[in-house]
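Have the sequence and the model open as you read.

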Amino acid sequence: MSRQSTRGGDPRKVNGELFTLTYGALVSQLLKDYEDDDEVNKQLEKMGYNIGVRLIEDFLARSNTGRCNDFRETADVIAKVGFKMYLGITPVVSNWSPAGDEFSLLIENNPLTDFVELPPGHSSLCFSNLLCGVLKAALEMVQMEVDVKFVQDQLKGDNITELRLKFLRRLEDAIPVGED
Amino acid sequence: MADEVVFEYLHMEMISYLYRTAEKIEQDHCISKLESLGFRVGQSLSERFTKDSSRFKDELDTMKFICKDFWNSVYKKQVDNLRTNHQGVYVLQDNKFRFLTQISSGKQYMDAAPKYLAFPCGMIRGALSNLGINCVVTAEVSAMPACKFQIQIQRL
């Protein structure tokens with residue numbers, strides 16, 4: 001990932017530092033507001049959810065991807081198109097469950113955590129929990145109910161950041177959330 | 001490098017989070033909270049953006065940095081107009097301010113404008129404060145998406 005300022009770069013990109021720092025400021029505000037890691041995780045996921053609901057529309061409009069035939073294809077699209085487009089990284093898809101309904105995204109350098117060091121005493125904080133909400137909501141909007149969670153996090157000393165996605169069920173065509 | 005859409009959504013969500021969780025009476029605090037979030041971001045950003053540049057000659061030089069480099073790195077454009085009364089007041093005018101372009105191009109939603117400008121104001125104040133200038137930054141909109149930022153330097 002390039003660390004220079006983005007002068008003259010792709011007009012659709014913002015400075016990565018701006019994004020990272022803004023996210024960091026937000027998390028620390030949440031920590032001030034709640035003083036409880038679990039509640040912060042919950043709020044981050046909720047905010048991610050609200051973002052994901054909108055992001056999927058932008059994604060479908062810009063990427064020209066059609067409906068995915070199976071969960072494997074979904075995984076590929078998320079890693080190679082989605083993450084690439086929005087965060088400029090391509091996580092590795094691995095650890096498929098035998099049934100093919102669960103996989104992991106291995107993220108090497110998470111742009112959300114570029115300048116971050118977790119102070120001690122926040123062992124249950126999922127710093128990048130926003131991502132879980134985003135993925136969950138975006139997939140829900142294309143009729144897939146998926147469980148998303150972090151199982152490894154570089155911020156907590158793990159070698160890699162691992163995001164686990166589990167397919168729960170296909171949603172029947174119904175009224176979108178929030179419009180009932 | 002993140003996509004601009006993600007950043008814009010994050011910014012919007014940040015605002016709606018603050019307003020969602022604040023009680024009715026303390027909604028005034030939301031603006032100052034957003035401003036202080038921006039302050040922090042601006043502080044770090046100016047540190048990163050100026051690490052290779054030489055010392056600024058004077059106040060005006062610093063303002064030019066904000067209008068050109070800072071604006072370019074953050075909003076992908078330069079400030080359209082910079083004016084000053086040479087007594088510590090600077091007005092930066094952006095005719096197409098990024099955070100407002102998606103909202104409206106006219107007078108509709110004017111009452112929502114302050115929410116979307118608090119964070120950017122804080123960013124300017126933070127950036128300047130890290131360059132040794134204490135100031136008060138306010139924003140003024142007469143018709144979206146144009147916007148004027150007024151920087152008033154505090155002299156001791």
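This is a predicted model: local features need pLDDT of at least 70, side-chain atom pairs count only at pLDDT 80 or more; totals for chains, interfaces and linings use all residues.

Trainee: Is strand S3 (residues 89–94) of chain B mostly covered or mostly uncovered, and how many of its six residues are buried?

Mentor: Buried here means under 20% relative accessible area. S3(B) is mostly covered by that test. The count of buried residues, out of six, is five.

Trainee: In which sense do strand S2 (residues 81–84) of chain B and S3(B) pair, and over how many bridges?

Mentor: Look at Thr84(B) for one example: its bridge partner in S3(B) is Tyr90(B). The two strands run in the antiparallel sense. The number of bridges is four.

Trainee: Which residue in the hairpin of S2(B) and S3(B) takes a positive phi?

Mentor: Four residues lie between the two strands of this hairpin. One residue there has a positive phi near 60 degrees. That residue is His86(B).

Trainee: How many bridges join S3(B) to strand S5 (residues 147–153) of chain B?

Mentor: These two strands run antiparallel. Gln93(B) has Lys148(B) as its bridge partner in S5(B). The bridges between S3(B) and S5(B) number six.

Trainee: Where is the kink in helix H3 (residues 59–75) of chain B centred?

Mentor: The kink is about 30 degrees. The kink is centred on Ile66(B).

Trainee: Which residue just after H3(B) takes a positive phi?

Mentor: Step just past the end of H3(B). The phi there is about 70 degrees. The residue is Lys76(B).

Trainee: What area do chain B and chain A bury between them?

Mentor: The size of an interface is often given as the accessible area lost when the parts come together. The contact takes 31 residues from chain B and 41 residues from chain A. Carbon and sulfur atoms hold 63% of the buried area. The total is about 3,600 Å².

Trainee: Which residue of chain A forms a salt bridge with Lys33(B)?

Mentor: The count between chain B and chain A is three salt bridges. In the one with Lys33(B), the closest N and O atoms are 3.6 Å apart. A salt bridge needs them within 4 Å, so this pair qualifies. The partner is Asp33(A).

Trainee: Which element gives the most to the side of chain B that touches chain A?

Mentor: Several elements of chain B supply at least two residues each, among them helix H2 (27–49) and helix H5 (113–130). The top contributor gives twelve residues. That element is H1(B).

Notes. Residues are numbered from 1 along each chain as its sequence is written. Chains are lettered from A and ligands numbered from 1 in the order in which they are written. Side-chain values use heavy atoms; hydrogens and water are left out. Buried means under 20% relative accessible area, exposed over 50%, partly exposed in between (1.4 Å probe, protein chains only). Two strands pair if DSSP finds at least two bridges between them. The bend at a residue is the angle between axes fitted to the seven residues ending there and the seven starting there. Contact means heavy atoms within 4.5 Å. Buried area is the accessible area (1.4 Å probe) that two parts lose on being put together, summed over both. A salt bridge is a side-chain nitrogen of Lys or Arg within 4 Å of a carboxyl oxygen of Asp or Glu.
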